[in-house]
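Dear colleague,

I am passing on the structure we spoke of, with the sequence alongside. Please look through both before reading my notes below.

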Amino acid sequence: SMSGRGELPVATHVVVLERRRLLRQALSIWLSSQEDIELVGNVASVQAINELCDHGRVDVVIASIDDDHQGSLRDYALLSRRHPELRIVALTTANDHQRAETLLSNGFRTVIPFSAGSPYLLRVVRAGSVVRTIARPSSTSTRPYGLLTPREVEVLSLVGQGSTTFDIGR
């Protein structure tokens, strides 16, 4: 983020975890094209992320999670405990409350449905150290539990960059 004092933006170091090679390559190419994101790995296993974290800086893991990945949730919980500073983001086709809660209780900090789109994913990656991204469910809300609106993510990012409430409101 630029502070206005001529400083260079700090890159967010990202690892993509996707077992399907084509999707892993597509996500990696797209993320590499972003000026403020440094792709430090594209892997197919949680074990590979542990190795990357042990040998270099990793800020965010974007993990594509399918229903058949239930068995590996324990691996994500262990990864989160071993590297508590790591922000693990789940990309998923599911968007039900129970699924989001399961992921959030197993080390994921944010749950994003694929349908949210790339601008939303970028805002989440750039948002800084968000402890947990959980929206309060409401009977009138149609958005999936565990997700913030794009504006809420933008506000979190601005707060993380040190913006004041006055600046954010403008």
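Among contacts in the chain between residues at least 6 apart in sequence, what percentage join residues at least 24 apart? The share is 65%, where a contact means heavy atoms within 4.5 Å.

Before going further, please note that this is a predicted model, in which local features need pLDDT of at least 70 and side-chain atom pairs count only at pLDDT 80 or more, while totals for chains, interfaces and linings use all residues. Residues are numbered from 1 along each chain as its sequence is written, and side-chain values use heavy atoms, with hydrogens and water left out.

The secondary structure of the chain comes to 7 helices and 5 strands, where helices (H or I, at least four residues) and strands (E, at least two) are DSSP runs numbered from the N terminus. Along the sequence, the pattern reads β-α-β-α-β-α-β-α-β-α-α-α. Of the 170 residues in the chain, 43% are buried; buried means under 20% relative accessible area, exposed over 50%, and partly exposed in between, with a 1.4 Å probe and protein chains only.

Strand 3 (60–65) is mostly covered, with 6 of its 6 residues buried. Val60, Ile62 and Ser64 lie on one side, and Val61, Ala63 and Ile65 on the other, so that both faces are covered. Strand 3 pairs with strand 1 in the parallel sense over 4 bridges, and Val60 is the bridge partner of Val14. Strand 3 also pairs with strand 4 (residues 87–92) in the parallel sense, over 6 bridges, and here the bridge partner of Val61 is Ile88. Two strands count as paired if DSSP finds at least two bridges between them.

In helix 2 (residues 46–55), the buried residues are Val46, Ile49, Asn50 and Cys53. Seen down the axis of helix 2, these buried residues fall within an arc of 105°, so they line one face of the helix; the arc is that of the directions from the helix axis to the C-beta atoms. The face turned away from that buried side carries the exposed residues Glu51 and His55. The buried residues of helix 2 pack against strand 1, strand 2, strand 3 and helix 3.

Helix 3 has Leu73, Tyr76, Ala77, Leu79 and Ser80 as its buried residues. Those of helix 3 fall within an arc of 160° when seen down the axis, so they too line one face of the helix. Arg74 and Arg81 are exposed on the face of helix 3 turned away from the buried side.

Finally, the second largest pocket holds about 150 Å³ of space. On a 1 Å grid over the protein atoms alone, a pocket is an open set of points where a 1.4 Å probe fits, with protein on both sides within 12 Å along at least five of seven lines, and lining residues have an atom within 4 Å of a point. Grid points are joined across faces, edges and corners, and a volume is the space filled by probe spheres set on the points. The lining of this pocket includes Trp30, Phe114 and Leu121, and its largest share, 4 residues, comes from helix 1.

With best wishes
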